[in-house]
Amino acid sequence: MAKQYNEAQLSSFVDQIFKRLQRIEKQLLIVSEKAGVPMEDPTASVPPEVIELARNGERMGAIRKYRELTRADMQEAQAAIELI
């Protein structure tokens, strides 16, 4: 029988996966630089407060803040947030 998880446990698992993915991405950037294979950081041009909102699960807030700070249209803002 499959184990049941509560919301707090699932949230903890997602947080762990997210943190691990961040470490892997950072390491990949370092390796790509050393190998001479450029890797573009998709969040390089995204304001830090927008990244924080998106990573905290506040997708709509991140889109609004991105539009406010960059004067981007809705489609451009959504595309930027999807890369985070």
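Me: What makes Glu68 and Lys65 a salt bridge?
Reply: In this predicted model, the closest N and O atoms of Glu68 and Lys65 are 3.5 Å apart. The cut-off is within 4 Å for a Lys or Arg side-chain nitrogen and an Asp or Glu carboxyl oxygen. The value passes, so the pair is called a salt bridge. Both residues lie in helix H3, three residues apart, about one turn of the helix.

Me: Why are Glu68 and Lys65 called partly exposed?
Reply: Glu68 has a relative accessible area of 46%. Lys65 has 26%. Partly exposed is the range between under 20% for buried and over 50% for exposed. Both values fall in that range, so both residues get that label.

Me: How many salt bridges does the structure hold?
Reply: Two. One of them joins Arg59 and Glu82.

Me: How do you know that Arg59 forms a salt bridge with Glu82?
Reply: Their closest N and O atoms are 3.5 Å apart. The limit is within 4 Å, so the pair counts. This bridge links distant parts of the chain. Arg59 is in helix H3 (residues 59–70) and Glu82 in helix H4 (residues 74–82), 23 residues apart.

Me: Are the two partners, Arg59 and Glu82, exposed or partly exposed?
Reply: Glu82 has a relative accessible area of 56%. Exposed means over 50%, so Glu82 is exposed. Arg59 has 38% and is therefore partly exposed.

Me: What makes Thr43 buried?
Reply: Its relative accessibility is 12%. Buried means under 20%, so Thr43 qualifies. Thr43 lies in the loop between helix H1 (7–35) and helix H2 (48–55).

Me: Which residues does Thr43 touch, not counting those up to four places away in sequence?
Reply: Thr43 touches Ile51, Arg55, Leu83 and Ile84.

Me: Why is the pair of Tyr5 and Phe13 called edge-to-face?
Reply: A search of the whole structure finds one aromatic pair. In that pair, the ring centres of Tyr5 and Phe13 are 5.3 Å apart and the planes meet at 85°. Centres must lie within 6.5 Å, so the rings pair. An angle over 60 degrees counts as edge-to-face, so that name applies. Tyr5, at 39% relative accessibility, is partly exposed. Phe13, at 37%, is partly exposed too.

Me: What separates the C-alpha atoms of Phe13 and Ala79?
Reply: They are separated by 26 Å, and the residues are 66 residues apart along the chain. Ala79 sits in helix H4. Its relative accessible area is 40%, so Ala79 counts as partly exposed.

Key. Residues are numbered from 1 along each chain as its sequence is written. This is a predicted model: local features need pLDDT of at least 70, side-chain atom pairs count only at pLDDT 80 or more; totals for chains, interfaces and linings use all residues. Side-chain values use heavy atoms; hydrogens and water are left out. Helices (H or I, at least four residues) and strands (E, at least two) are DSSP runs, numbered from the N terminus. Buried means under 20% relative accessible area, exposed over 50%, partly exposed in between (1.4 Å probe, protein chains only). Contact means heavy atoms within 4.5 Å. Rings of Phe, Tyr and Trp (its six-membered ring) pair if their centres lie within 6.5 Å; planes under 30 degrees apart count as stacked, over 60 as edge-to-face and the rest as tilted.
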